[in-house]
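Open the model in your viewer and keep the selection panel at hand.

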Amino acid sequence: MQQQLTPTGTRLVNDIASRYNLSHDAVIHMLMAVNNGGGNMAQFNCPELGGSGQWMRGGMTMVGDIFNHGLKMTVNSLCLELANALANNQIFPVIPAGTPGGHQWWPSDCGIPFSSGAQNNIRYAVFPGKLAVELNGQVTVYDTLNHHIGGISQQQGGDTSLTFTSQFGSVSVNQLPILSGPGLPAPAVHTNFAKPAVSTPPFNQGATPPAAAMPLDRQNLSSSDDIIQLIEKLAKLRDAGAISEQDFTDKKTELLARL
């Protein structure tokens with residue numbers, strides 16, 4: 001969906017695209033990333049700027065090509081200019097508070113957040129006693145109870161689980177009571193346990209024992225060639241550590257006596 005801009009916003013985007021030699025869509029993408037980060041940070045994935053990256057005002061700028069310092073400077077300069085433009089101009093049309101997709105996407109009765117941000121496809125805003133989270137245009141408001149939220153992070157990977165830190169440590173957002181909205185999907189259960197190896201049943205439970213463990217009188221030794229081949233197999237088992245040197249010598253002596 002094409003992001004609507006005010007006439008001022010359109011002129012600004014066209015000017016920046018021309019000066020930075022970027023496409024209109026690339027500048028819009030970065031503008032939205034900076035806007036979602038409250039003008040202080042941005043998470044983006046822009047092919048014209050090296051793919052995935054992060055920007056933080058006064059902090060480290062990371063781009064896909066980590067050794068391309070010129071690209072880092074370009075991204076930092078671009079994001080700073082966009083952040084300043086957002087702070088001093090009406091870039092987007094005014095949207096009523098609480099409208100999904102708008103800059104002030106949380107319900108109006110939440111008030112003014114003291115912290116807000118975005119990670120991947122999720123936006124969040126922290127209020128006294130409340131936490132608002134937007135996912136795919138749907139907003140959920142949680143009761144933060146007696147937690148004093150100090151930071152929010154998203155689980156790495158493809159799921160939508162959020163955790164926050166408070167004076168009680170790290171807590172999942174899904175553990176908070178929902179005041180309004182559908183809530184976030186339950187985090188996926190990941191099983192990283194390897195399947196147990198299939199054990200070989202002991203010889204006394206119906207398994208066919210290897211030649212080295214089988215009594216010689218049960219083996220089909222019809223010729224001297226068979227005996228020599230069996231000795232060669234026993235040697236391989238010995239070299240592999242499957243049987244001891246003594247076992248090999250005893251079996252070899254017994255087999256050679258039958259030639």
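Keep everything selected to begin. Among contacts between residues at least 6 apart in sequence, 42% join residues at least 24 apart. This is a predicted model. The accessible surface is about 15,600 Å², and carbon and sulfur atoms hold 53% of that. Of the 259 residues, 35% count as buried.

Next, select residues 7-19, helix 1, and residues 24-36, helix 2. Two packed helices are described by the angle between their axes and the distance between the axes. Here the axes come within 9 Å and cross at roughly 115°. Angles of 65 to 115 degrees count as roughly perpendicular, so helix 1 and helix 2 are roughly perpendicular to each other. Helix 1 passes helix 2 in a right-handed crossing.

Show side chains at the contact. From helix 1, pick Val13, Asn14, Ile16 and Ala17. From helix 2, pick His24, Val27, Ile28 and Leu31. How many of these contact residues are nonpolar, polar and charged? Six are nonpolar, two are polar and none is charged.

Last stop: select residues 224-239, which form helix 4, and find Leu230 there. Is Leu230 buried or exposed? Its relative accessible area is 7%. The cut-off for buried is under 20%, so Leu230 is buried. Leu230 and Leu255 are 25 residues apart in sequence and 8.6 Å apart in space.

Notes:
Residues are numbered from 1 along each chain as its sequence is written. This is a predicted model: local features need pLDDT of at least 70, side-chain atom pairs count only at pLDDT 80 or more; totals for chains, interfaces and linings use all residues. Side-chain values use heavy atoms; hydrogens and water are left out. Axes are lines fitted to C-alpha atoms, for helices over the stretch in contact, and angles run from 0 to 180 degrees between N-to-C directions. Helices (H or I, at least four residues) and strands (E, at least two) are DSSP runs, numbered from the N terminus. Angles under 35 degrees count as roughly parallel, over 145 as roughly antiparallel, 65 to 115 as roughly perpendicular and the rest as oblique. A crossing is left-handed if the near helix is turned anticlockwise from the far one by less than a right angle, and right-handed if clockwise. Contact means heavy atoms within 4.5 Å. Ala, Val, Leu, Ile, Met, Phe, Trp, Tyr, Cys and Pro count as nonpolar, Asp, Glu, Lys and Arg as charged, and the others, Gly among them, as polar. Buried means under 20% relative accessible area, exposed over 50%, partly exposed in between (1.4 Å probe, protein chains only). Accessible areas come from the Shrake-Rupley method with a 1.4 Å probe; for residues, only the protein chains shown count as cover.
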